[in-house]
Amino acid sequence: MRGFIIKEFYHIFRDIRSMVVLFGMPVIQVLLFGFALSTEVKNAPIAIIDHSNDQVTRAITTKLLSSGFFILSDQVPGEGHIEEVFRHGKVKEVIVFESDFASKLEKDRQAGIQIIADASDPNTANLVVSYTSAIIGDYQQEYLKGMSLPVTVRTESQMMYNPALKSVFMFVPGVITILLMLITAMMTSISIARENELGTMEILLVSPMRPIQIIAGKVLPYVLLAFTNALIILLLSYFVLGMPVKGSLVLLLAESLLFIVMALSLGIFISTVSNSQQMAMMLSMFALMLPTILLSGFIFPIENMPVPLQIFSNIMPPRWFIIIVKSIMIKGLGFKYIWKETLIIAGMAVFFIALSIRKFKIRLE
Amino acid sequence: MKIIEVENLVKKFGSFVANDHLTFSVDEGEIYGFLGANGAGKTTAMKILCGLSSPTSGKVMVAGYDVYHQTEMIKKRIGYMSQRFSLFEDLSVWENFQFFGGIYGLSPAKIRERTTELLGRLGLESEKKQILGSLPLGWKQKLAFSVAIIHRPSIVFLDEPTGGVDPITRRQFWEIIYETASQGITVFVTTHYMDEAEYCRRVSIMADGKIVALDTPANLKTKYNAANIEGVFLKIARN
Amino acid sequence: MLPIIFVIPVVQLLVLAFAVTFEIKNINLVIVDQDHSVASRQLVSKFAAPTFYHIKAYSDSYTEAEEQLKTGKAHQILIIPNNFEQDLQKESKASVQLITNAIDGSAAAIMNAYGNSIIMDYNQDILVDLSGGMDIKPPIDIRYSYWFNPELDYKTYMVPGILVLLVTIIGMFLSSMNVVREKEMGTIEQINVSPVKKYQFVIGKLLPFWFIALFELGFGLTLARIVFDIPILGSLWLIFGVASVYLLATLGIGLLISTLVNTQQQAMFLAWFFAVVFIMMSGLFTPVDSMPEWAQDINIINPIAYFIRIIRMIMLKGSQFQDILKPFAAIAIYAVCALTLAVWRYRKVAS
């Protein structure tokens with residue numbers, strides 16, 4: 001067994017390409033995606049058509065522009081040109097103040113603002129509009145203060161776990177999961193498929209080693225490597241991306257180890273169903289990539305998907321690990337809250353191993 | 001003493017019969033040639049003998065053990081060199097010996113001793129630090145053979161060991177085989193080169209999953225009235 | 001090959017278009033009503049009315065409600081403190097707490113806005129009651145309009161982007177595999193000894209993929225129109241025109257990759273790495289505008305980002321050629337560079 005592990009390390013360290021893949025890619029991707037993936041609205045370009053240009057509209061404009069969400073973009077000469085501006089691209093929202101805004105507000109206690117959003121990107125439109133109306137609502141509150149409305153219910157909003165609404169909290173757990181999953185499964189499946197392809201697997205099989213020992217010997221070094229990878233990724237997330245680790249670090253590492261074992265068994269399974277490195281690579285890259293990115297809740301919340309896809313997402317291992325990572329790192333929860341997810345991942349690991357052993361036996365028939 | 005005994009071995013894949021009632025035996029210490037055209041069922045039979053695959057029916061004993069239940073015991077007593085040259089190309093010569101010796105449970109001291117001895121015999125001691133992938137094919141094949149006998153098996157299976165090498169290297173390779181056999185290790189070899197069959201003590205020729213001829217090369221030549229084994233083979237193939 | 005051409009787009013469009021959505025349709029709310037008064041029940045009934053809200057549980061203790069937030073069963077908690085009605089009547093002022101799980105920041109912002117607007121509504125109701133049925137509006141009247149996609153349907157936004165993904169994968173992967181495959185199998189030697197000119201060979205290799213990818217685009221657009229009812233406001237000609245130039249760029253990258261590597265596996269690996277980075281950064285899933293400056297700068301070399309921007313503009317907003325001039329010029333330059341570099345590298349490899 002010791003010889004096996006040493007040999008596998010020789011394979012890995014002599015192959016510069018796989019070394020780069022192993023350690024370079026996760027680092028690049030964690031940093032790149034950790035910083036770049038975001039749905040926050042910051043400095044969104046807006047245009048304002050102010051038909052009054054009085055002290056009230058100017059005050060609202062200043063309030064909007066000092067919020068940090070918006071910057072003033074091109075001048076729009078009039079309502080007729082809005083479509084043209086949107087078609088050109090940059091501007092997300094146009095705000096139109098009706099004429100005589102201040103005096104109408106004073107006399108009729110009623111003045112109108114129109115918010116026109118470019119909703120070709122619905123999420124951004126939604127966010128931009130809700131920020132705008134919140135800011136205008138604020139102004140209204142201040143404005144009304146002097147006039148004292150008879151009755152009001154005030155809302156104290158609290159943003160739990162992520163008061164600054166940083167996108168990092170949403171995306172980094174996903175990036176960690178996806179990388180661990182893809183890299184681990186890919187490494188294992190390729191290294192086993194390589195032995196199959198080169199014929200060395202046959203030599204190993206005629207030896208007195210049991211198949212289980214052969215596989216374990218091959219896989220153990222990758223457990224170590226993947227775990228090292230997990231550590232690097234976690235360190236980067238903590239120190240560079242500013243992710244908290246509110247819960248127990250030991251629990252987080254233990255869960256990562258479990259997830260790695262699961263991904264490895266998936267890799268073993270992939271290698272038993274593919275007859276070349278090529279196919280193993282195809283399967284672990286393409287077949288795994290899109291579903292793990294899309295159906296795991298990494299970017300898109302699962303509960304918003306249609307029911308069949310929600311059901312399908314249950315068999316995606318990353319889905320459960322993302323919950324675990326978020327629970328431990330951000331919510332600071334203990335094992336009590338994630339035992340179910342842990343059990344599911346463990347179950348998947350057992351399932352893939354059992355399936356691989358079956359497949360393996362059939363091959364020997 | 002018989003080291004391999006096969007009686008009525010049948011192997012079916014679905015309705016396809018790959019081995020159709022094979023019966024033969026191999027004596028201890030002999031060089032046994034296992035010939036046949038591509039697809040005749042040689043590799044299937046060899047895999048069964050090595051414990052890589054199990055027979056559908058029939059009696060198969062290797063080194064005194066039964067292939068149905070005692071494959072683990074068999075595996076300890078056999079060596080195997082596959083058709084595709086298959087040591088680890090990215091490991092050095094020495095590391096390959098270390099690894100395979102370890103698999104067969106030899107102690108580090110034993111591995112060192114045997115590696116030195118085997119490399120010495122090949123005259124490749126000075127190459128032991130070389131990465132295998134950088135060596136010429138002929139050397140790699142000799143090394144693969146040495147690795148296959150590092151644990152002193154009772155029998156070694158060679159699956160087309162000399163594919164793609166030049167006549168001189170083939171010649172040297174057979175010299176090593178003879179030397180090995182003289183130490184009491186039985187050699188079971190498949191080959192495409194009919195001239196190599198002449199080096200064997202006995203040969204069997206397979207066609208369509210059956211053994212159609214089995215004897216010493218000399219007897220076969222007389223029986224089929226041919227000048228060499230190639231002639232025998234062609235005559236059988238035409239029928 | 002034929003099944004791949006037809007099956008992949010259908011599967012991709014169906015799965016991606018439905019999976020990829022930020023739309024919030026269902027907010028699971030836990031209500032902690034510590035007041036149990038008429039006023040508090042009225043507020044609760046506002047949330048219970050058919051809206052985005054689904055009331056997951058009523059609870060008396062905050063700890064119990066927080067548990068639901070921790071386990072992920074609830075998104076939001078509304079807490080009505082125990083002298084809510086009293087405060088409202090005596091001091092004309094009361095407060096409630098709205099706690100949102102904000103791990104997904106942008107969803108949280110929207111959920112918070114929904115909650116606030118319902119409470120504002122409730123305020124309105126009280127005012128109307130007090131003033132004896134007189135209609136009192138807040139002084140500033142905000143009217144919204146969402147152009148190009150009034151229902152805020154996320155599919156409308158995603159499908160054009162997915163079409164880009166489709167043609168890219170075909171273009172980049174198939175072409176990156178192709179030449180290296182010939183190299184691996186040794187057939188490239190055959191071609192090199194023949195009198196075929198290098199550029200003829202390259203054209204011969206790439207043209208089929210170019211056609212296949214354009215066909216895919218047409219097929220995908222048809223599906224988008226029929227199945228998803230996605231508008232195509234701009235000109236189809238313009239879409240295909242841009243696509244054909246864009247494909248030259250992707251095919252060029254693919255070819256370049258295949259001249260840089262020795263095995264199909266390496267080709268696949270490189271193509272995969274670039275595809276993942278390009279796709280994630282392209283604005284397909286998360287808006288480019290939300291990325292930090294330097295990440296947006298990386299997109300200067302990202303052809304997928306340009307094309308996704310263009311196709312969304314043309315299809316959803318009816319943008320015309322002058323609107324897309326800049327990104328289109330970028331793609332064109334890209335195509336020229338990638339192809340030149342690829343052909344130059346290829347000649348070196350071949351000779």
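Two residues are in contact if their C-beta atoms, placed from the backbone, lie within 7 Å. This is a predicted model, in which local features need pLDDT of at least 70, side-chain atom pairs count only at pLDDT 80 or more, and totals for chains, interfaces and linings use all residues. Residues are numbered from 1 along each chain as its sequence is written, while chains are lettered from A and ligands numbered from 1 in the order in which they are written.

**View 1. Chain C meets chain A.** Here 84 residues of chain C are in contact with 81 residues of chain A. Several elements of chain C each supply at least two residues of the side that touches chain A, among them helix 1 (2–19), strand 4 (93–101), helix 6 (154–185) and helix 12 (303–317). Helices (H or I, at least four residues) and strands (E, at least two) are DSSP runs, numbered from the N terminus. Helix 5 of chain C gives the largest share, 15 residues. By class, this side of chain C has 49 nonpolar, 22 polar and 13 charged residues. Ala, Val, Leu, Ile, Met, Phe, Trp, Tyr, Cys and Pro count as nonpolar, Asp, Glu, Lys and Arg as charged, and the others, Gly among them, as polar.

View 2. Strand 5 (residues 152–160) of chain A pairs with strand 4 of chain C in the parallel sense, over 9 bridges. Pairing requires that DSSP finds at least two bridges between two strands. One residue pair to look for is A:E156 with its bridge partner C:Q97, in strand 4 of chain C.

**View 3. Helix 4 of chain B.** This helix (residues 108–122) has 15 residues. B:I111, B:T115, B:L118 and B:L119 are buried (20 or more other C-beta atoms within 10 Å of a residue's own C-beta, all placed from the backbone). Seen down the axis of helix 4 of chain B, its buried residues fall within an arc of 95°, so they line one face of the helix. That arc is taken over the directions from the helix axis to the C-beta atoms.

**View 4. Around helix 4 of chain B.** The buried residues of helix 4 pack against helix 3 (93–103) and helix 5 (137–148) of chain B. On the other side of helix 4, B:A109, B:E117 and B:G120 are exposed (12 or fewer such C-beta atoms). B:G123 follows helix 4 of chain B, and its phi is positive, near 70°.

Technical notes. Expected span 1.5 Å × (residues − 1).
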